[in-house]
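Visitor: I would like to learn how to read salt bridges in a protein model. Could you take me through them step by step?

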There are 2 protein chains.
Amino acid sequence: MKKKDKYVVGILGATGAVGNEMVEILEERSFPVEQLLVFASERSEGNSLIFQNKKATVQTVSSDSFNGIDIALFSAGAKLSQQYAPVAVKAGAVVIDNSSAFRMDPNVPLVVPEVNPDALKGHQGIIANPNCSTIQMVMALKPIHDAARIKRIVVTTFQSVSGTGKEAMDELLNQTRALLGFSEMTSTVYPYQIAFNCLPHIDEFIEGGYTKEELKMVNETHKILSDSSIGISATTVRVPVFRGHSESINLELDHPLSANEVRALLSSFPGIIVWDDIKKNVYPFPVQASGKDEVFVGRVREDPSVPNGINLWVVSDNLRKGAALNAIQIAEHLIHPPSPC
Amino acid sequence: MKKKDKYVVGILGATGAVGNEMVEILEERSFPVEQLLVFASERSEGNSLIFQNKKATVQTVSSDSFNGIDIALFSAGAKLSQQYAPVAVKAGAVVIDNSSAFRMDPNVPLVVPEVNPDALKGHQGIIANPNCSTIQMVMALKPIHDAARIKRIVVTTFQSVSGTGKEAMDELLNQTRALLGFSEMTSTVYPYQIAFNCLPHIDEFIEGGYTKEELKMVNETHKILSDSSIGISATTVRVPVFRGHSESINLELDHPLSANEVRALLSSFPGIIVWDDIKKNVYPFPVQASGKDEVFVGRVREDPSVPNGINLWVVSDNLRKGAALNAIQIAEHLIHPPSPC
């Protein structure tokens with residue numbers, strides 16, 4: 001990417017839950033923005049948001065939107081990404097795409113900057129941001145995998161409604177209000193009530209009984225860790241939490257690591273905070289991780305039910321590290337690649 | 001147990017969440033009750049409840065409470081069970097104890113009637129009711145274990161607050177109201193907020209970083225299935241659900257079973273209903289299982305990450321099959337042992 005002092009940044013899907021977070025994080029991290037252009041589908045046209053004390057008005061995205069843009073952050077779903085990412089690249093932008101559209105494309109790097117920054121080299125204009133539940137898992141896996149190769153992962157997720165978007169957050173709020181007030185409750189975003197409930201169903205069902213979300217955790221983890229020999233079994237579940245995904249992860253390693261060794265490996269990895277002191281009831285949970293940038297790990301336990309077994313509990317804000325923050329960290333790597341040691 | 005037309009039944013802990021359910025279930029199932037006596041600790045004295053259209057007044061439990069009682073259902077915590085179960089047995093009662101006090105005692109049968117009814121033979125007066133999360137799991141495991149021995153289980157639970165008791169149900173309700181109304185929220189039952197949150201902490205922490213709840217799932221499963229060779233790893237998590245526990249269970253079997261074979265085995269097992277038709281979004285969840293007697297299983301999937309792997313999602317009402325119903329089913333077996341084939 002051509003080095004500049006400041007960059008013209010475009011956000012497609014700026015009015016969504018992740019888009020909003022992108023705008024905030026660009027400002028928080030003092031990303032060198034020359035100008036911010038914000039786009040969305042027609043129904044959000046005319047909305048506005050504030051960036052660096054200036055009003056930015058949401059424009060309807062079109063084929064002409066990307067002229068002059070250096071970095072385009074996409075978070076408006078796979079369909080719009082498929083339509084506009086090639087257009088944006090042709091117009092000279094680098095696209096960092098938060099949708100699933102290009103993640104498994106062999107020509108598109110799928111990147112978590114702390115985990116596989118080298119994958120960014122030689123990109124062809126589009127860089128994919130992984131799925132939220134995958135990002136926080138591979139963050140915790142990477143230092144362990146480097147130390148004692150992971151043979152198998154059994155993961156069960158507890159995913160918050162913000163992973164679905166703003167409408168799902170409203171649905172949880174409205175259903176909760178209705179149930180407490182004994183008024184009529186409706187479900188439109190999810191097939192069944194999510195308030196005070198758990199639904200073992202995220203994204204569409206596919207062959208073999210798995211969901212697309214579960215398959216993403218398998219395929220994206222293989223791609224990011226460049227190791228498709230890892231056996232991975234995922235069960236993804238929606239829970240009535242607004243922000244923050246939690247994951248119960250069981251690992252089978254190639255050779256033994258003690259719980260203390262795992263904690264030490266995790267603690268020294270950038271972007272991870274170990275909260276694990278059971279004597280003081282210290283463990284991570286979504287309400288605590290909400291709004292924070294790090295991936296939090298606790299409940300580290302040796303698992304004697306299998307040779308070299310380890311259990312982890314991993315929590316992170318799905319809108320930040322799971323989406324918007326990771327995308328902007330990718331942009332930061334593009335404009336300031338870390339100098340070689 | 002001496003056969004009678006009707007039995008004098010005592011309930012210790014009758015005002016708790018499980019005790020309430022016991023009273024309802026005795027009536028629902030037309031258990032042959034001659035007289036119902038209800039006991040609790042001092043703070044509930046004088047409360048009353050209705051059984052078969054008659055008022056039963058809660059008495060403070062004492063050493064004299066159990067004279068003349070045939071069947072004593074205990075659900076008032078391990079401390080009161082330890083104190084009064086031997087007293088009740090001495091007075092001639094059979095005690096069915098819902099606490100953890102005697103579960104691992106080698107002289108006490110730990111029984112799920114559909115799974116190990118033979119363990120009831122030769123009891124010495126006390127019969128233990130297993131932990132709620134264990135009961136629903138072993139129900140789903142038993143037909144599979146009989147068909148293709150289970151080598152290893154990795155289970156993660158999503159446990160409702162009613163597992164803690166009435167006060168916890170009030171805490172979830174009050175915290176939810178406070179958070180929606182922006183008023184002050186307090187946590188007294190749980191160490192942290194449970195509303196819109198997930199806490200990876202059920203019962204006390206013990207050595208090795210596990211909780212007592214996690215250890216119960218290991219030890220009680222071994223005892224009920226009479227097979228301590230099964231490797232079991234459990235992570236137990238509290239979720240903001242009022243009633244109904246859910247479990248994500250990964251199994252490694254001795255030889256292969258297809259998902260269809262597993263569904264068929266489960267469907268023909270008494271007390272289990274398979275809800276598993278992903279094309280129609282059919283899978284079990286706690287709101288749907290609440291108030292029902294069965295254990296519901298869905299999301300049956302072959303897991304290619306390990307030889308002979310199977311994933312299951314198991315949901316049941318923790319106050320009914322997970323506690324009160326199972327206890328009363330034990331009592332039914334005592335008074336009407338199934339005739340040999």
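Visitor: How many salt bridges are there over all chains?

Guide: Side chains of opposite charge can pair when their charged atoms come close. A salt bridge here is a side-chain nitrogen of Lys or Arg within 4 Å of a carboxyl oxygen of Asp or Glu, and by this rule the count over all chains comes to 40. This is a predicted model, in which local features need pLDDT of at least 70, side-chain atom pairs count only at pLDDT 80 or more, and totals for chains, interfaces and linings use all residues. Residues are numbered from 1 along each chain as its sequence is written, chains are lettered from A and ligands numbered from 1 in the order in which they are written, and side-chain values use heavy atoms, with hydrogens and water left out.

Visitor: Which parts of chain B does the pair Arg43(B) and Glu167(B) link?

Guide: In the salt bridge between Arg43(B) and Glu167(B), the closest N and O atoms are 3.5 Å apart. The pair links distant parts of the chain, with Arg43(B) in the loop between β2 and β3 and Glu167(B) in helix α4, 124 residues apart. Helices (H or I, at least four residues) and strands (E, at least two) are DSSP runs, numbered from the N terminus.

Visitor: Are Lys216(A) and Glu213(A) buried or exposed?

Guide: Both Lys216(A) and Glu213(A) are buried, where buried means under 20% relative accessible area, exposed over 50%, and partly exposed in between (1.4 Å probe, protein chains only). Their side chains meet in a salt bridge at 3.2 Å, N to O, whereas Arg43(B) and Glu167(B) are both exposed.
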